[in-house]
Amino acid sequence: MNNSKYAFKPIPDSERNMTYWDMFATWFGANANNGTWFIGGVIAACGLIGGLGATLVGGLVAYIFLSMMGYAGYETGASTTVLSRGSFGIRGSIIPTLINITLFLGWTAVNTFIAATSLAFIFHSFFGWALFGHPGGNFGIIVGILVMSVLHIFSIIAGQRSVQLVERIGVILVIIFVVLETIVVFKNVSLSDLAHYRLPANEKMPFGVGVDTIAAASLGWVMGGADFTRFTRKKHIAISAPYWGAMLGLLSFTLIGICTTISVAMTSGAYDANNSDPSIIANKLGLGFIAMIVIVLTSMTANAVNIQAGASAFKNVFHKVSFNNSLMIITILSMLLTLVPLISGSFLASFIAFLDYTGMLLGPIIAIMIVDYFILNRNHYTVADLSDGNGKLWYHDGFNLVALASLIIGVIFYLLIKNLNVIKDTIGATFITMAVVAIIYYLGSKLFDKADK
């Protein structure tokens with residue numbers, strides 16, 4: 001068999017130039033953005049204390065897996081999707097890879113749509129164009145999507161270096177924006193008011209559902225972890241910087257989303273989950289033109305990560321396509337996906353459906369990959385192993401049947417338990433499913449190893 005088809009080039013030492021600040025800024029910027037703000041607005045239905053608790057539980061646990069995947073990327077020089085060859089098989093890795101592509105396309109589309117909404121407000125102010133949700137309002141959103149797609153192309157066209165530049169500038173703007181938002185919110189309401197606000201019973205979100213919402217969003221970054229940590233020379237950077245960058249970005253922007261959404265509910269007299277959109281909130285709080293521009297810029301910082309991770313996954317399937325062409329393809333595909341809410345008529349409904357999809361699939365995939373790398377293979381895949389069509393990672397005609405069976409069982413288990421009241425009210429379905437899948441995969445792998453011997 002011609003093994004060159006599956007060969008990959010680990011990152012050479014000359015390209016391992018990401019510093020701690022670069023890595024921290026990348027992951028802080030990945031979470032300190034419109035999508036995370038929107039998630040904060042969604043889990044505002046848990047209340048301030050419940051939403052904060054769900055964020056801490058979901059984020060603190062999920063980013064342990066980000067650090068572990070980051071370490072694997074540092075050790076091997078491989079992207080996350082190439083690492084999935086170790087657990088799913090060299091051919092079987094196409095399954096988590098395709099899921100990864102749809103995942104990062106989805107997150108790019110989410111951030112793009114929110115930024116396009118901000119641009120639509122700007123177009124409304126300057127040209128009088130109708131806003132989304134009003135007759136003729138789709139035109140401004142479509143123009144905004146096109147503008148954002150062009151900006152994304154400029155932000156990633158020079159590859160890793162341009163991504164680093166966008167993140168370095170973007171993270172400073174993000175911090176300024178967070179401070180501005182906080183000042184405006186607490187001019188209108190006090191922290192005590194926010195903490196004591198009670199939602200209508202029919203709008204309240206159970207704590208476990210809040211944890212699952214945060215977990216679905218946070219585990220998405222795990223699937224891009226190695227794509228960036230392979231660019232660093234030092235282990236502690238690969239392990240520590242992604243964890244704290246992502247966690248602080250998540251915490252700051254979910255809190256802004258929670259506080260602003262509750263603030264609007266209190267001042268308007270009615271809670272509306274659709275007010276989670278940062279552009280709508282910024283408009284209702286009177287933050288104006290500058291806020292809309294910063295929302296656009298924060299979309300670029302987040303999507304620089306999404307697009308690069310999506311392109312890495314794309315290359316694992318289409319080996320002959322250059323990385324720069326992969327970046328362009330992912331940008332164009334995400335632009336098309338951003339049009340979905342215009343067809344469905346609801347961005348919120350599309351977003352919730354996307355989170356359900358990611359939570360159902362990502363937990364089992366990550367559990368399988370972590371168990372395989374750290375327990376079954378004891379921190380060790382070689383470049384030869386990951387490229388060899390005749391080697392141990394070929395499994396059964398290129399597929400690891402144990403991993404595939406574990407994934408299917410995990411998805412079924414998640415769907416069976418996610419709506420149980422005891423699960424919804426406590427820890428949620430995601431992390432329980434991951435634990436069950438980890439045990440199933442470990443035991444199944446041991447049994448098959450014995451059978452083969």
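Trainee: Which residues in α2 are buried?

Mentor: The model is a predicted one, and burial here means under 20% relative accessible area. In α2, the buried residues are N34, G35, T36, W37, F38, I39, G40, G41, V42 and I43. That is ten of the ten residues in this helix, which spans residues 34-43, so α2 counts as mostly covered under that cut-off.

Trainee: What share of the chain is buried?

Mentor: Of the 453 residues in the chain, 59% are buried. The accessible surface comes to about 17,500 Å², and carbon and sulfur atoms hold 68% of that area.

Trainee: How should I read a nonpolar core?

Mentor: In soluble globular proteins, nonpolar side chains tend to be buried together. In this model, the largest nonpolar core has 114 residues, and W107 and I366 touch the most other members. Helix α16, residues 347-376, gives the most to this core, with 16 residues.

Trainee: Which residues does I366 touch, leaving out those up to four places away in sequence?

Mentor: I366 touches F65, L219, V222, M223 and M434. There is also a second, separate core of eleven residues, with L119, V143, M292 and V296 among them.

Trainee: How many helices and strands make up the secondary structure?

Mentor: The chain has 20 helices and zero strands. For contacts, look at sequence separation: among those with a separation of 6 or more, 85% are between residues 24 or more positions apart.

Technical notes. Residues numbered from 1 in each chain as written. Predicted model: local features only at pLDDT ≥ 70, side-chain atom pairs only at ≥ 80, totals over all residues. Heavy atoms only, no water. Core = buried A, V, L, I, M, F, W, Y, C linked by side-chain atoms within 4.5 Å. Buried < 20%, exposed > 50% of the residue type's maximum accessible area, 1.4 Å probe, protein only. Helix = DSSP H or I, 4+ residues; strand = E, 2+ residues; numbered from the N terminus. Contact = heavy atoms within 4.5 Å. Areas by Shrake-Rupley, 256 points an atom, 1.4 Å probe, with all protein chains shown as cover.
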